[in-house]
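Grab your viewer and work through these exercises on helix packing and strand pairing. Each task comes with a solution in steps.

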Amino acid sequence: MLGTVLRSPGEIRCEEVAEPAILYPTDAIIELSASCICGSDLWPYRGLQDVSGPMHMGHEYCGIVVEVGSAVRTVRPGQFVVGSFCISDNTCPHCRFGFPSSCEQREFMSAAQAPYARVPLADGTLVATKDIPSDDLIPSLLATSDVLGTGWYAADAARVGPGSTVAVVGDGAVGLMGVLAAKQMGAERIIAMSRHKSRQDLALEFGATDIVSERGDKGVARIRELTNGIGADSVLECVGTQEAMTQAVSSARPGGAIGFVGVPHGVQFDGQTLFFAQKSLLGGPAPVRRFLPDLMDLVLRRIINPGKVFDLEVPLKDVGQGYRAMDERSAIKVLLRV
């Protein structure tokens, strides 16, 4: 079958790869209904993350179960399923505390930009729908696998609640999902930081009340101006750079909270600054499996439509076009039809 392989920075293509097979009794094989390109895929693509050998790409997925291992009990062939990008058993102490992304058996999904994929720990990772969903819901269900769950975690970690004032740093797919999540959680004011018209428009559609185009110190000053000099109750950091983290911490009020989900690259903290800032920080790999049933339900009941974040769709064989579009920021997020 054809699968996406990154050979070296900038060198990505579809090529013949082996079809996945059951390796352990807890595995499942799914036929993907769609896959997509994640913003985090761009780090190795741009050479900002080590590529020591050929990398099989893709960790967002949904589709039909075609085979299960002998120990799998909660899903069966023929069911439509969505799974988290973090593989988890959903039974260890960390999973029970609500952090399956720190599961004692944690793995990270890979090789999902392909027609078929193997999902380890299927019972703990996959969530099945009652019926096969209609095709128009596939993009939104795919979004729950990572990007929506990650934006949701950013809002949850930042303690967004009814009446909150929220600032979202980052206008990529995760940041836009953070806007959507904050709206669903009852935030009264949602300030989206964005310089790009198409992303600003989508942020407003998802629930943003204000747009701030400035960055760095000017962006922080603008947020303080909008909040009468106080700062935001909750800030969602959805980028992972030093500038974005500094901006996020500086934009929160004393006693406020920062949920950071951008994969850090070169981010450092000064202990004394944090000490006197008196702000909470929680982040890391999103515990998507914790949120997945509720997020899928919101999609299936058509209460939310996160699939709108996909603004370019290409066939899997043209995956290189999709990576270039996201790298050049001409696309927010690319859907791959397999």
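**Exercise 1.** Which strands does H6 lie across, and at what angle does H6 run to E12?

Solution. Step one: H6 lies across E11, E12 and strand E14 (232–237), where contact means heavy atoms within 4.5 Å. Step two: H6 runs at about 175° to E12; axes are lines fitted to C-alpha atoms, for helices over the stretch in contact, and angles go from 0 to 180 degrees between N-to-C directions. Helices (H or I, at least four residues) and strands (E, at least two) are DSSP runs, numbered from the N terminus.

Before going on: this is a predicted model, where local features need pLDDT of at least 70, side-chain atom pairs count only at pLDDT 80 or more, and totals for chains, interfaces and linings use all residues. Residues are numbered from 1 along each chain as its sequence is written, and side-chain values use heavy atoms, with hydrogens and water left out.

**Exercise 2.** Work out the order of the open sheet that six strands form, and find its edges.

Solution. Step one: the order reads E13-E12-E11-E14-E15-E16, with parallel pairing; two strands pair if DSSP finds at least two bridges between them. Step two: strand E13 (210–212) and strand E16 (280–283) each have a single partner strand, so one side of each is left without a neighbour in the sheet. Step three: neighbouring strands here are turned by 20° against each other on average, direction ignored. Step four: zoom in on E11 (residues 165–169) and E12 (residues 189–193), which pair over five bridges, with Val 166 opposite Ile 190 in E12.

**Exercise 3.** How do H6 (residues 173–184) and H7 (residues 197–206) pack?

Solution. Step one: their angle is about 20°, and their axes are 8 Å apart. Step two: that makes H6 roughly parallel to H7 (angles under 35 degrees count as roughly parallel, over 145 as roughly antiparallel, 65 to 115 as roughly perpendicular and the rest as oblique). Step three: by class, this contact has seven nonpolar, no polar and two charged residues (Ala, Val, Leu, Ile, Met, Phe, Trp, Tyr, Cys and Pro count as nonpolar, Asp, Glu, Lys and Arg as charged, and the others, Gly among them, as polar).

**Exercise 4.** Now take H5 (residues 147–157) with H6: what angle do they pack at?

Solution. Step one: the angle is about 60°, with the axes 7 Å apart. Step two: that makes H5 oblique to H6.
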